[in-house]
Amino acid sequence: MPTTTTSTSVDVVDVHKSYHHHRVLNGISLHVPANSVTSILGPSGSGKSTLLRSINRLIPIDSGTIRVGDQLIGYEERGGRYHALSDRDMCRQRQRIGMVFQGFNLFPHKTVLANLVEGPQVVLRRPKRETEEEARELLASVGLAEKANQYPGQLSGGQQQRVAIARALAMKPELILFDEPTSALDPELVGEVLDVMRRLADGAETTMIVVTHEIGFAREVSDQIVFMADGVVDAAGAPGDVLHADRSPRMRAFLSRGLH
Amino acid sequence: MTTELAEKAPLQYVARRYPWRTVGIIVVLLVGLWGAITVATNERFAWPTVISYLFHPKIMAGLGMTVFLTFIAMVIGLLLGVLIAVMRVSESRTLRWSSGLYVWFFRGTPVLVQLVFWYNLGYLFPQLSIGLPFLEPWVSVPTNSVVTPLLAAILGLGLNEGAYLAEIIRAGILSVPVGQREAATSIGMSRAQSFRRIILPQAMRVIIPPTGNETIGMLKSTSLVSVIALSDLMYSAQSIYSRTFEVIPLLLTVSIWYLVLTTILSFGQSKIEAHYGRGATAAERGIANRNELFHLLRRPGKGA
């Protein structure tokens, strides 16, 4: 896949986040090496999505630090204190971090091609011809070359999610966050999206963090599995080590519910 | 079973008949015909007079003023409306509250009162000054030399329209799913970029139909400026019939012009709707249409 040239690590240290006295993240810490694929699993309500959204600061955190590469997310260290970044600097940080959403969130008023070139042209201010060429290559790589001039509403859910992945890739991100990318899809469309993600993972040119309920997929492609419960990491490690029913009662309960 | 059916001659579908519909059509046509004949043959309508005034210089000048006022008031209303709508959905409580107060006041008082208020601004503030508060002003001029009837009309109509459009635009902004802003943010767009390129274009689909209504409403609301002696279409007609007593024919003349203008506006509206409907599914367009219907039902007239 024509994607990125560099990738980056992610370090989450002692992050807390509450909504109205309800603690969602409870001092979570996590290391994601560069070029690796990390899947975050866990029962619903365990804080998986909140963690993912705090990495590109769609959600501001209450305390702790998140670093992508050597950059502190949302703040800058000056004189021993953390100062909140300006909107502009925050945008610059987000340019390096792609995101794929559960509900696709394609721009419905723009064609598929326009969805892909929006970021490169408007945010990165790159020339029209070059970005369109790249966008067409990306579309071809997710198997949707012929859909360039259609509107998202004319595509199936699986096709929309593949376009959404291509849109994230068009920014050449060092890190891509996947927020339950197949949860909103009809069962027969899950496969095509997982295929695209699998190829992306095999290419290993970008760091991927995937929040998912697809345990089989996670086991197969991940370098690291993070099992979350109650806003902390319950277990983290290689898939074979983490996904064992006898590891903890929680894991047993999760696996017995999750395995199809 | 199937073979039995297949052996028979191919079946034909026969459309159901609706006799009452036919009756309805006949009644409507008869009433329409009767109305047309009555209006055309009743000499008191004085159609020749109506037509003779159609391009009267005074009427033409009034028509120009009406179009100008409608245009300028809508432009001011739209600019104010976007500003106030953005304040209304702001994270700052002060901005939300103050913009809410603006809408509450300008929507809650009659336009007629607002027009007269601006017209009489000189009574409340005889001098308009530029300078710092509590200090000697740098420049000071009599209010009445600045707030002419034209400016009073523009202020009155524009500020009032801003309050209505703010609510329409706010509804439009809120109609765009949160995920759209998140997606825009995730590709590194600034707040301004995502509002201009992602949120607003999608909000337009919801904003356009009621704004079209507002424009047509504004066209007719401009007739209220006749109370502050500004010679719009209505005032021009009044000034003619107060001399000639041809009240009905002149009202018919201006009605024809109002109808011509609203027809043009409706046509323009459907063109703009088609433009912003790009990419929308039939179901989504249905939602926009329902919003329009809701708007029409909720607010039958702005009234003076």
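## Chain A: elements and overall shape

Chain A holds nine helices and twelve strands, counted as DSSP runs numbered from the N terminus (helices H or I, at least four residues; strands E, at least two). This is a predicted model, in which local features need pLDDT of at least 70, side-chain atom pairs count only at pLDDT 80 or more, and totals for chains, interfaces and linings use all residues. Residues are numbered from 1 along each chain as its sequence is written, and chains are lettered from A and ligands numbered from 1 in the order in which they are written.

For 260 residues a compact globule would have a radius of gyration near 18 Å, and chain A agrees with 18 Å (taken over C-alpha atoms; the rule is 2.2 Å times the number of residues to the power 0.38). Of the 260 residues of chain A, 45% are buried, with 20 or more other C-beta atoms within 10 Å of their own, C-beta atoms being placed from the backbone.

## Helices H3 and H4 of chain A

The axes of H3(A) (residues 112-123) and H4(A) (residues 128-141) come within 9 Å and cross at roughly 130°.

From H3(A), residues including A:Leu113 and A:Leu116 meet residues of H4(A), among them A:Ala135 and A:Leu138; contact requires C-beta atoms, placed from the backbone, within 7 Å.

## Contact between chains A and B

Chain B gives 20 residues to the contact and chain A gives 23 residues. On the chain B side, helix H10 (178-186) and helix H11 (191-221) are the elements that give two or more residues.

Conventions
Axes fitted to C-alpha atoms, helices over the stretch in contact; angles between N-to-C directions. Contact = placed C-beta atoms within 7 Å. Buried ≥ 20, exposed ≤ 12 C-beta atoms within 10 Å, placed from the backbone.
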